[in-house]
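Subject: Structure for you to look at

Hello,

Here is the structure I said I would pass on. Please open it alongside this message and follow the residues as you read.

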Amino acid sequence: MADEGNGDNDGGTVTITDGFLAKFSGTTIKAFLDDVKTSLPVRELRAYADGTTPFLTGNNSGNFTAPGTLATTLKAYDDSVAKMLGTVVGQFETLIIDLQLADRYLNNALDDSLDYAQFMKLAGRTLNPGTK
């Protein structure tokens with residue numbers, strides 16, 4: 001459970017216990033990622049990006065002289081967005097692992113919560129990708 005201290009949102013104490021971390025990482029973040037991975041707009045974007053769905057069907061060059069260039073440019077854009085989504089998903093998957101590690105440490109700890117410094121150390125891989 002997360003407890004926000006006095007509830008005034010004025011920078012009070014936040015306590016995050018092991019039960020909250022396990023639920024948040026295992027259900028809330030995972031459900032968000034599943035939505036991102038399987039939503040219709042994202043699936044369509046990836047289909048345009050990998051070429052399985054052509055962006056432009058038809059090639060009436062008499063009326064539109066550059067459909068190939070437009071389609072190529074949009075495909076590159078879609079590919080770029082799809083790669084960024086992949087990076088975001090990867091970072092969230094790393095966060096899930098970090099939160100599950102925090103949960104494990106909490107379950108093995110004498111007290112019931114991590115302080116800010118301990119939590120930030122655990123979340124460091126997510127906040128600073130590429131570092132250990």
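Predicted model: local features only at pLDDT ≥ 70, side-chain atom pairs only at ≥ 80, totals over all residues.

Salt bridges

The count comes to three salt bridges. In general, side chains of opposite charge can pair when their charged atoms come close.

One of them joins Lys37 to Glu93, with the closest N and O atoms 2.8 Å apart. Lys37 belongs to helix H1 and Glu93 to helix H3 (residues 67-107), so this pair ties together parts that are 56 residues apart in sequence. Both ends are partly exposed: Lys37 has a relative accessible area of 34%, and Glu93 is at 34% relative accessibility.

Another salt bridge is formed by Lys30 and Asp34, where the closest N and O atoms are 3.4 Å apart. Here both residues sit in helix H1 (residues 18-38), four residues apart, which is about one turn of the helix. Lys30 is partly exposed, its relative accessible area being 43%. Asp34 is also partly exposed, with a value of 32%.

In helix H3, Asp79 and Lys83 are four residues apart, so about one helical turn separates them. Their side chains meet in a salt bridge at 3.3 Å, N to O.

In soluble globular proteins, nonpolar side chains tend to be buried together. The largest nonpolar core in this model has eleven residues: Leu21, Ile29, Leu33, Val36, Val89, Leu95, Ile96, Leu99, Ala102, Leu106 and Leu122. Helices H1 and H3 each supply at least two residues of this core. The largest share, six residues, comes from H3.

Which residues does Leu99 touch, leaving out those up to four places away in sequence? They are Leu21, Phe24, Ser25, Ile29 and Phe119. Leu21 and Ile29 are, like Leu99, members of the core.

If you want a place to begin, display Lys37 and Glu93, the pair that links H1 to H3. Then bring up Leu99 with its contacts, among them Leu21 and Ile29.

Regards

Conventions: Residues numbered from 1 in each chain as written. Heavy atoms only, no water. Salt bridge = Lys/Arg side-chain N within 4 Å of Asp/Glu carboxyl O. Buried < 20%, exposed > 50% of the residue type's maximum accessible area, 1.4 Å probe, protein only. Core = buried A, V, L, I, M, F, W, Y, C linked by side-chain atoms within 4.5 Å. Contact = heavy atoms within 4.5 Å.
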